[in-house]
Amino acid sequence: VNERTPRLDDLVEGTVAESDPLRNVHALLITAGAPPELPPHLAAAPPAPRTSVIPFPRRYRFAVIGAAAALAVALLGAGYAIGRGTQPDEAYAVEMTGAPGASAEIVVLARDGGGNWPMELTVRGLPPLDRGHYELWLTRDGKAVELCGAFDVSTGETTVSLNAPYRLRDFDGWVVVAHGSSEPVLRTAEI
Amino acid sequence: VEAVIGLGPAAGRTAETRFVTDPSALRDDELIRRVAGRDHAAFAELHGRYVRAVLGLALRTLRDRGRAEDATQEVFAAVWRSAGRFDPRRGAAAPWLYAVARNAIVDGLRRAPEPPGEPVDVAADEPGPPEQAEAAWAAWSVHRALESLSDPERKVIELAYWSGLSQSEVATFLGIPLGTVKTRTRSALQRLAGVLEEQGAKP
């Protein structure tokens, strides 16, 4: 303790018992030293690091049924490739259809080091909900089994970042439901 | 909020999800889980709570302001990438974040080692690695805990401990009675004791 180190009994009213936890806090504060001053560029949170996306060829919106089938096959292929672990950095895009006038696209980004699959979900034409929100679920055998995230929509197009910390090969598609509802409003093509 | 989703006759799987709109109301572990789900607001809140602790750790490790600031940004990028690996069953949030920060700082040091310079004489009474590690963890915990104080409480603690002012001088500086300074100091210390205990840095 040097002459500039404050004494606890000088800092607070009254006496502090030897066993009082404040003495340990006092000691920790002295050990820790002052927190550093933040430069302006560190004061605000940085933009979230971007995940690299491998460009996916743009498709015609109103593709024929054959194209939809090809997408379904691509989804299956994605799960197959993930399962084999041969193309862990590849990204995929999957179309969703359902409610009249509504559609969505899921772009599955490169898997991060933690085993998460970040996704960008772009939704068009879903009506805003008066209460609650929509949810994106992974499906298996026709059942929604794992939640990937929740989102709200406004009129027009909405893009949100979601995540799937799961092994995608364990699933066969995605659905969008209104929170609390069992009826999908969007789903990936039937496989 | 519990969501029950069923898509077929055999459906009925339940999943528990919580929806809290204000990240400042969330615990650190809840924020990390949200960051794993790519929640930018949660990331910003976590940054606010830990950026001083991270910069302090980087300064202790690197002893260079510019490199420490760069390392701080690397740490938060690492938190963003690895949040999905956080498992609250295996430990509290603060130690996990400390480990991520320390690893990111050390990894950065390996990638860009310090340029060779004149050999530095190490004082005989300089703390050894265990003591340095303990001091680094203490600083991390304290600097994080300070962010949980209200502005008036944090101000009085910073002035009392690191300004070199006496409490009477602190009172004059802040323009409040000496008794208020001492009362506020005590309440701030009590709050810090609680936060440090939650963090696992038992005071």
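Start in chain A by selecting strand 2 (residues 103–108) and strand 3 (residues 117–124), which run antiparallel and are joined by 6 bridges. Strands are DSSP runs of E, at least two residues long, and helices are runs of H or I, at least four residues long, both numbered from the N terminus. Within this pair, pick Val108(A): its bridge partner in strand 3 of chain A is Met119(A).

This is a predicted model, in which local features need pLDDT of at least 70 and side-chain atom pairs count only at pLDDT 80 or more. Residues are numbered from 1 along each chain as its sequence is written, and chains are lettered from A in the order in which they are written.

Now move to chain B and select helix 2 (residues 40–62) and helix 4 (residues 93–111), whose axes come within 10 Å and cross at roughly 45°. Axes are lines fitted to C-alpha atoms, for helices over the stretch in contact, and angles run from 0 to 180 degrees between N-to-C directions.

Finally, show the side chains of the contact (heavy atoms within 4.5 Å). Helix 2 of chain B contributes residues including Leu46(B), Tyr50(B) and Thr61(B), and helix 4 of chain B contributes residues including Leu97(B), Arg102(B) and Ile105(B).

Key
Heavy atoms only, no water. Pairing = 2+ DSSP bridges.
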